[in-house]
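Keep the 3D view open and look up each residue as it comes along.

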Amino acid sequence: MSLPKDGLPAEQVLDEIRALRAADRPTHGGRLFAYVYDPGLDGLDELAMSAYALAAHVNGLDPTAFPSLLAMENTLVGAAATLLGGGPDTVGNVTSGGTESLMLAVKAARDGAPGVERPRMVVPVTGHAAFTKAAHYLGVALDLVPASPSTLRPAAEDVAAAIGPDTVLVACSAPAYAHGVVDPVAEIAAVASAAGVRCHVDACFGGWTLPYLRRLGVDVPPFDLSVPGVTSISVDLHKYAYTPKGVSVLLHRDAELRRPQYFAYAGWPGYTMVNPVISSTRSGGPIAAAYAVLRHIGDSGYLALASRTLEAVRSLALAVSGVEGLRLLAPLESTVVCFTADSFDVFVLADELAARGWHTQPQFAYGELPASIHLSVTASVAPRVAEFGPDLAAAAQAARAAGPVSLPSVSLDTPLPELLAALGFGAGLPDRMAPVNALLNAAPPEVREALLVDFLGHLQRPAL
Ligand SMILES: Cc1ncc(COP(=O)(O)O)c(C=O)c1O
């Protein structure tokens, strides 16, 4: 579909988008457990979109030209700093998301140690894949630290042992995405500090809920800037602060630590470029929308949302424990419920749940950990939890009756179009993803990566 010769009426193009959106997973309604964070608050989308529209054309490239954006960004950073143990010296920026926040934490650490020729960073294996991406983009070598298969946590002694003279950063998670488990931040920050190395806490997922869960009585260990040795922390507002996509905050303990995060260049004939983040031009839309959402929900609103989420997490976990053959893989420390099936195929179970309108996130086996189902639980799930238990029981029964999925008899080096046809891909995904997931689960990670890159490349072609 190329450009229409003459422009189309506004209502028609909106209808086109609505028609396209019909194929998407439901972003509201509490039945989607990944990708989308929904507070289930009436009117919030409309407010966010009005705010977005007010600032969509404002450019964050130069805050002196658009002080409104600077003021809103500083407000968001201030709110995050207040929530996450910041002090009078704390500084920060809004980035486009968790990945960018982590990349910038790594850049700041790398450029903050200019004497280190071959910089390295120490990251637990449970750390988000974005750390590996940052290492790859920024030429920083990665030293992975194992996590205990029982606690899913790295040991601070292993972190200490992995720190060497070229280490510029130690990272940990609060919590790690896959299982929702909080790393021993205080111990890790202590060993980093003893070695004179920066320590970044990836609280992208949980930074906006853990402080509220603590206020609700959950035993949340210290994880933020109040912990000595933590030098930076990231929190995604587009996750549990429930803002539209494109907003994360990266905080540093002080301005000196932040300084190498900036990129500045005056050696060309145009304007001197000074960027705190990866993009140069950036829309004010996401920042204004986040500003409106944070101020509209407010502290008591977030506490109430965390309370609803906690209730949902506990009810979902109870439902899992009530089904024979299912087992929680991780303790409930945040807003993740992660479980596995011991006596039937977890990928078939995910399909059976999808058939009943529950969209979960299957996770492949890793090391000693079995394949599992991940649920990122948001406040919108609370009103639906009573429906989940019976559906989960029925889905488990169906998965047990179906037996383990047999691996498709197609080799992974079959040319992609034939491979996809053999796996049942047509215009969209196959109805049942279990055979595909079983195949990917059995493939070595490098093969899986290459295959999925080819698959995305196959999808991402121009519509002519
Ligand atoms: C702990 C953690 N860190 C980083 C990220 C990356 O965030 P984004 O997808 O916004 O780039 C995620 C995303 O789920 C996450 O859970």
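The side chains of Glu333 and Arg153 come together in a salt bridge, with 3.0 Å from N to O. A salt bridge here is a side-chain nitrogen of Lys or Arg within 4 Å of a carboxyl oxygen of Asp or Glu. Glu333 sits in the loop between strand E10 (326-328) and strand E11 (336-341), while Arg153 sits in the loop between strand E3 (141-145) and helix H6 (156-162), so the pair ties together parts that are 180 residues apart in sequence. The helices (H or I, at least four residues) and strands (E, at least two) are DSSP runs, numbered from the N terminus.

Before going further, please note that this is a predicted model, in which local features need pLDDT of at least 70 and side-chain atom pairs count only at pLDDT 80 or more, while totals for chains, interfaces and linings use all residues. Residues are numbered from 1 along each chain as its sequence is written, and side-chain values use heavy atoms, with hydrogens and water left out.

Are the two partners buried or partly exposed? Glu333 has a relative accessible area of 18%, so Glu333 is buried. Arg153, at 24%, counts as partly exposed. The cut-offs are these: buried means under 20% relative accessible area, exposed means over 50%, and partly exposed lies in between (1.4 Å probe, protein chains only).

How many salt bridges does a search of the whole structure find? The search finds 16.

| Pair | N to O distance |
|---|---|
| Glu333 and Arg153 | 3.0 Å |
| Asp299 and Arg215 | 2.9 Å |
| Asp24 and Arg21 | 2.6 Å |

Asp299 and Arg215 form a salt bridge, their closest N and O atoms being 2.9 Å apart. This pair links distant parts of the chain: Asp299 belongs to helix H10 (residues 285-321) and Arg215 to helix H8 (residues 210-215), 84 residues apart. Asp299 is partly exposed at 40% relative accessibility, and Arg215 is partly exposed at 47%.

In the pair of Asp24 and Arg21, Asp24 counts as partly exposed at 40% relative accessibility, and Arg21 counts as partly exposed at 39%. Salt bridges can also join into a network, as they do for Glu11, Asp15 and Arg18.

**A nonpolar patch and some buried residues**

Which residues form a nonpolar patch on the surface? Leu8, Val13, Leu14 and Ile17 do, with about 300 Å² of accessible area together. Such patches are made of residues with over 30% relative accessible area and no salt bridge; like charges are joined within 9 Å, and nonpolar side chains (Val, Leu, Ile, Met, Phe, Trp, Tyr) within 5 Å. Accessible areas come from the Shrake-Rupley method with a 1.4 Å probe, and for residues only the protein chains shown count as cover. Leu8 lies in the segment before helix H1 (10-21) and is partly exposed, with a relative accessible area of 35%.

Now look at Phe33, in the loop between H1 and helix H2 (44-55). Phe33 is buried, with a relative accessible area of 0%.

Pro184 is found in the loop between strand E4 (167-173) and helix H7 (185-194). Pro184 counts as buried at 17% relative accessibility. From C-alpha to C-alpha, Pro184 and Ala156 are 7.2 Å apart in space, although 28 residues separate them in sequence.

Gln363, in strand E12 (residues 361-363), counts as buried at 14% relative accessibility. A polar atom of the Gln363 side chain lies 3.3 Å from the backbone oxygen of Ala178. That is a polar contact, a pair of N or O atoms within 3.5 Å; within protein, one must be able to donate a hydrogen and the other to accept it, and residues adjacent in sequence count only if both atoms are side-chain atoms.

**Around the ligand**

Of the 13 residues around the ligand, Gly98, Thr99, Asp202, His238 and Lys239 come nearest. A residue is near a molecule or strand if one of its heavy atoms lies within 4 Å of it. A polar side-chain atom of Thr99 is 2.6 Å from an oxygen atom of the ligand, and a polar side-chain atom of Asp202 is 2.7 Å from a nitrogen atom of the ligand. On its own the ligand has 390 Å² of accessible area, and the protein covers 83% of that. Helix H4 (residues 98-111) gives the most to the shell, with 3 residues.
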